[in-house]
Amino acid sequence: MELAGITKRFPGVVANHDIHLTVRRGTVHALCGENGAGKSTLMKILYGMQKPDEGTITLDGEQVTLHSPADAIARGIGMVHQHFMLADNLTVLENVVLGAEKLHGIGGKARAKIKEISDAYGLGVRPDVLVEDLGVADRQRVEILKVLYRGARTLILDEPTAVLVPQEVDALFDNLRELKSEGLTVIFISHKLGEVLSVADDITVIRRGTTVGTAIPSRTTPKQLAELMVGEELPSPETRESTVTDIPMLTVEGLHLSATDSDGVVRAVLDGITFTIHKGEVLGLAGVEGNGQAELVEAIMGMRSPDAGTVTLDGEDITKAPTRKRREDGIGYIPEDRHRHGLLLEAPLWENRILGHVTERPNSKRGLIDTKAARADTERIVREFDVRTPGIEVTAASLSGGNQQKLIVGREMSHLPKLLIAAHPTRGVDVGAQAQIWDQIREARHEGLAVLLISADLDELIGLSDTLRVMFRGRLVADADPATITPEELGSAMTGAAGGHLEHHEKGTKGEKGEKGSGGKPKPPERGASSEPRKAGTSPKAKKPGNTNRNKSKKNKKKRRR
Amino acid sequence: MRRVSTITVAGISTAALAFTLSACGSSSTESSGGSGKGVGLAFDVGGRDDHSFNESAARGVDKAKKDMGIDNKMMTAKNGETEADREQRLTSLADAGYNPVIGVGFNYAKSIEKVAKDYPKTTFGIVDSVVPGNNVDSITFGEHEGSYLAGVAAALKSKNHKVGFIGGVNNALIQKFQAGFEQGVKDTDSSVQVTSQYLYPNNDKGFNDPAAAKDKAKGMLDSGIDVIYTAAGLSGNGSIEAVAGQKGAWAIGVDSDQYQQPGLEQYKNSILTSVVKNVDVAVYDLIKSVKDGKPLTGEHKYLLKDDGVSLATSGGFIDDIKDKIEAAKKKIVDGQITVRTSP
Amino acid sequence: MKKIDKNRLILGLAAPVLAIVAALAITSIIIGVTGKDPFHAYQVMVEFGSKADSQVWIINKATPYYLSALAVAVGFRMNLFNIGVDGQYRIAAFFAAVVGGALTLPGIIEIPVIIIVAMAVGALWAGIAGLLKTSRGVNEVISTIMLNAIGASVIGYFLQDGRLAKKEGNLIHTPYLPDSAHFFEIPTQTKPIYGFVVIAALAGVAYWFLLNRTRFGFDLRTVGQSETAAQASGVSVKRMVVTSMLISGALAGLVGMPTLLGVSYNYGTDFPTGIGFTGIAIALLGRNNPVGMALAALLWGFLERTGTQLEFEGYAQEIVGVIQGVIVLCVVIAYELVRRYGLKAQQRKVGEELAAQARKSDKAEVSA
C-alpha cells in the first residue's frame, strides 16, 4: 500500500499535508504522532471515511479511490477502533456476523468460519460467549476477528494498547506477529514508543499534519523517536524528590461496598480497603480496569455509599458527607471518563469551569452565579494551563481531548485541593499536554497536596507515585516501591498471578527494605528519558517518610490476614 | 450566551414594534353585522353528523335553504374549548354578516350573552338554555315530557322488567331526560326497575365518547336490563351499537329519529323508538322569523303540546302499544300529569 | 472572536428561518393538495390576525399557554418530561377556586392567597411524580399521565352539586370568587387584556434568572446536560428531580389563573382543558428559551385566532391543526440540524485556529 502526497484540507485548515506513507505487505507498520498530529484524519482517509483533496492511494500497484468504509472493506482494509464497537448483550458470534450476514450466514457456517480464523491466527475466540462477560483484551480480539471475518488483508489498529496491561500487550503483539506471518499487513497507531519499537517493522512519524520521517526500529532509540514525534525534548513522568510528610490527609479504613451484578448475585466490589495518603504524597493505584478502582474513587467522592468503613479527610470524618460537601472541603477530581463525569460537552468552557465548584468563588456569590468572574477565571485557566482554544465561549466538545483534560486539571487545581483524585489523568492526551499535567501534579504535591493516582499507564504510575498499591478483585493485594519495581512485575500482580499481598521484587520484599528511595534515584529507562536532567539537578531534600508508610502497610497486612 | 440575548432582545423589540404599529390599525369587528348573509350555526362537540342533536338543528337549516333559499355556515367546536374560542366563533359568524347566529347547545350560553351585546342588529339563538338579551331567542324543549313517553314504551316492552337510562353528562338538562323517563316507567308499571347512570359527572366529553357509552350499555345488558334509553348526543351511537349486539334488547334513541339515520342503518332494528327533539322546527321558526323581519326573541319552550318533542314511530315497533302512549300523551297535554324536570 | 460572533448570529437565525420556510412550504403543499390557494390563506390569516381585537385575543390566549410552556420547560431543562402539567393546572385551579370562593378578603390578600394555593397544589401534584421517580424509579412520563387521569377524577368527584360545587343552569361550578379577587385588566381600544399577562412576563423573567443566574439553576441545567457529570460535580440528582418537579408544578399552578381570576371567576365544567399539552408543543417550539416560548405562545394564539377565519374562506377546519403540527416538527428538526452543523463548524474552527497558531510558532523547526 502506498499513499503519496495526500493532502486534506478542511475549510481554512490543512489537516494532512503532503503525506507519504509506504506500507509493505506482510509487515507491521507503526504510525506515530501526537494527538492532533493528523493521524486520525489520515486513518479516515485510508478507511474511506474521508476523501483526500490531493494525492493518491495505491493498493498493490493499483490506484484506487475509496468512497466509503464499505469500499475500503471490499478492498481488504479493516479498522479496529480505539473504542470498541461491540454490543454487550450479544454473543461473540452475533457481534461478528452483525452487518455481515451475507458472507457466511448467521449459523453453523459462520461459526465454523470464526473458529477457522481464530485458530489460524491464534486469537482464541469463543464464539458463544456474551461480550459483556469478556475482558478488554478479549474484546479487542473479537474486534480484530470481526475485521478479519469481513475479509480484511490490511488491518488498521487505532491505539490498541491504551487499555491493556503489559501482559495483554505482549499477547496482542504475538497475535500481530501471527497475522504478519500469514501475509497480512498491520498498520498500528500508537504513541507508546517502547511498544512501537518492539513490534513494528517500519515506523512513520507524523507531526503537524505531515510525515516528518521514517525510522527502522532496530536503529532507533525511544528518545530519538520521541523527539522526532514531538519536535522537542521529551518529558518524563518521574518524581525526583520526595515531598511526603507524615501528616495524613486521606484515611480510608475498612471500606466495603457490595453490588448486585447482572445475574442478581451480590458480590463485594470493594473489600476491606484501608490506606492512608499523606500530605505531599502521591499514592498510585495499579490494577486492571474493573477491579474496583472506579468504585473506590466514587466511594471517596461520595457518589456511592459504602456498606462499611470510614473515610477521613484532613482529620474530619466525611463518610456520610454528600459529594458537594466533599468537593467544598477540598477534594479535587480528575475523572476517569471526562466526557461522562468531568464535562458538559455542549456547554461553553466557562460553564465547564463552574462545574463541580458552583458553590465556590469565583463562580458564585450568595447563591448567584457570577458569570463575569467565572468567565475571567476561565480566561486565566486557559492562559495558565495552556488550554488551546480560540475562546471561552466555544463548547467543550470542540476541544481536543488533551485540551479538555487541561481545562479539567486547571479547574480542579484552581480550588487548591487538599486531595486530588486523578483517574487516568493523561489518557488520550498528547505528549505535550501529558508533560504539563504531570508538572501540575508534581507542583501541587510539592505544596502539600495528597494525590490518589489511578492509571493504566504503568510508567506514569511508577514515575509519579511515592507509594504503589495494587488492586485486584476489590482488594488491595500488594504494595510496591516505585523506585525499584518494573512494569512487568507490577503487571503480574495486577492479573492476580503474582499471588497475594506480598511485595514482589527480586531483591526481596518491601517490608525488609531499609530505605524508601525516591530521592534522586534514576529510574529504569522504559521511556528512554532517564537521563533527562530537568529535576535531577536540584538537591534532594528527601525526607524519610518511609517509616510511617511502612508501618501503615504492615498494619494493613495484618488486617488483611485476619 | 450574552450574544444570544442581544439577538433575542432585538427580536422582541422588533416584534413589539410591529405589534404597537399594527395595534393602531382597524378592528376586525368594525362592521356591525346584520347584513343578512344567511344562517350561522355553531355546533357544540360532535359536529353536524352526530345522528342526533346537532343533526336535528342542521335539518332545520337545510329546510330553510330549500324553502327560502337561505344560505348558511356551520362551524363545530373541538373538545376542550375555552370560552374565548366559543366567543370567537360566534363573533366571526356575526361579523361575517350571518343572521341569525345560532349556538346549538347549552355550552354557548355564556358566549351568546356576551356576543349578542356586541351585535345588537343580529338575532342570536341558543338551544337548550335561557339567555337574557333582547336580541336572543332562547329555545328550550320539553325533554322531560318526551322522555316520559319513552318511559311508558320502555316499561311496556321490557321482558325482564328492567330498564336503563344513560346520560352523557350529569347536568340539569340531561337530568330532565332522566326524570321524565323514570316517572313514565313507574307510572306505567311500578314493578319495573329503572337504573340510571351517567358517563361523566361534569365533562362535556360525555356527548362525544361513544366508546364509553358502549361500555356502560354492555354493563347494563349484562345485568339483565333489556331496554336502554340513552341521552348523550353522539355518544348514544355506542350504546345503540351495544344494544344491537344483544337479541331481544331495545335501544331508545334521542333528539333525532335515530331509526331513520343512515349512519345507524345497521342497528335500526334494535331502535325501539326515539325521543325526537324537534330542534329543526325551532331553528326553522327562528330563521323564518328573521327573514320576515319579525325576529323571535325571549324564551320559547317547545313542549309536547306544541310538537316540540315527540316519540318516533318509524319501524313500527311501538305500534302495538300506540294507544297507551297516546293516552299518556293526552294526559300530559291536558295537564293531568305534570312531569318532573329533575329526578 | 468577531468571526465567531457573526457565525453565531447566522446560526441563531438559521434555525427559525429554516423551520418557518420548511413549515410554510409543507403547509402550502398540503393546502394545495386540498385544492385551495395557500397564499390566499396566508393573506387572510395575516390580515385578520393583525386586527386590533385579534391581537388582544391572541395575547389573552397566549398567556396561559406561556405559563404552561414555562412549567414544561423547567422539566425539559433537566431532561424530565412533565407531561402532567395538564392535570396539575386543573387540580390547582380547582382547589384555588374552592378556597377563593370560600373566602372574602380584600383583593390584596385574596388574590395572593388564591395564587399561592394554586401553586402549592400544582407543586404537590407534580411532586408526587417526582417522589415516585426518585424513590421507586417510576418514569415521570407514566406517573404524570396517570396523575392527569387521577386529577380529573378527583375534580369530577368534588365538582358536583352539594360537594364543593353548585349548579347554575346546565353548568356546575365552584362558588364564584368575591369581586375582590378579580384581577386587574389592561384596557385597550377594543377588549381588555388580562392583567395576568404581567404575572406571566414576570414568571418568564424569574425562569430565566433562576436557570441562568443561580447556583440552583446551574445545577438543574447540569443534570439536564449530563446526569453523570452532575452527580460527580456534587449535585444530588434525586433531590434535583423532586425540586424541579415541584417548581414545574408550581408554575403549572399558574396556568389556570388567567382564566380563574380574569374570566370565569369559578372552576366549572366549562373550564378549559388541554393547555398543559399545548404547553409541551410551545416549549418545544420556543426551545425552552423564555423569549422563544413567548413568541411561540403568541404564534399559537395567532394560528388559533386566524384558523376560524380560514373556515369562512372555505378552508378545512383541521388545516390549523396541521400547520401547528408541521411547525413543531420543522422547528425540532431544524434546530437539531443546525445544532449539529454548528457543533461541527465550531470544532473545525477550533482546529483551524489552533493550526494557525501552531504554524506561526513552527517556523524554526526542521523535521528530522
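Me: How many helices and strands are there in chain B?
Reply: The model is predicted. Of the 343 residues in chain B, 55% are buried. The secondary structure of chain B comprises 10 helices and 12 strands.

Me: Which domains does the domain assignment of chain B give?
Reply: The centres of the two domains of chain B, taken over C-alpha atoms, are 27 Å apart. Domain 2 is assigned in two segments, 143-276 and 313-334. The assignment is therefore read, with bounds from an automatic or database source, as domain 1 (39-141) and domain 2 (143-276 + 313-334).

Me: Which helix of chain B gives the most to the side of domain 1 that touches domain 2?
Reply: In chain B, 15 residues of domain 1 are in contact with 17 residues of domain 2. By class, the domain 1 side has 4 nonpolar, 6 polar and 5 charged residues. The element that gives the most to that side, with 3 residues, is helix α2 (residues 53-68).

Me: Why do the buried residues of α7(B) line one face of the helix?
Reply: The buried residues in α7(B) are B:P210, B:A213, B:K216, B:A217 and B:M220. An α-helix has 3.6 residues a turn, so residues three or four places apart point the same way. On the other side of α7(B), B:A211 and B:D222 are exposed. The buried residues line one face because, seen down the axis of α7(B), they fall within an arc of 125 degrees.

Me: Which elements of chain B do the buried residues of α7(B) pack against?
Reply: Helix α7 (residues 210-222) of chain B reaches 18 Å from its first C-alpha to its last. Its buried residues include B:K216 and B:M220. The packing partners of the buried residues in chain B are β6 (162-169), β7 (193-200), β8 (227-231) and α8 (236-244).

Terms used. Residues numbered from 1 in each chain as written. Chains lettered and ligands numbered in written order. Predicted model: local features only at pLDDT ≥ 70, side-chain atom pairs only at ≥ 80, totals over all residues. Helix = DSSP H or I, 4+ residues; strand = E, 2+ residues; numbered from the N terminus. Buried ≥ 20, exposed ≤ 12 C-beta atoms within 10 Å, placed from the backbone. Contact = placed C-beta atoms within 7 Å. Nonpolar A, V, L, I, M, F, W, Y, C, P; charged D, E, K, R; others polar. Expected span 1.5 Å × (residues − 1). Arc of directions from axis to C-beta.
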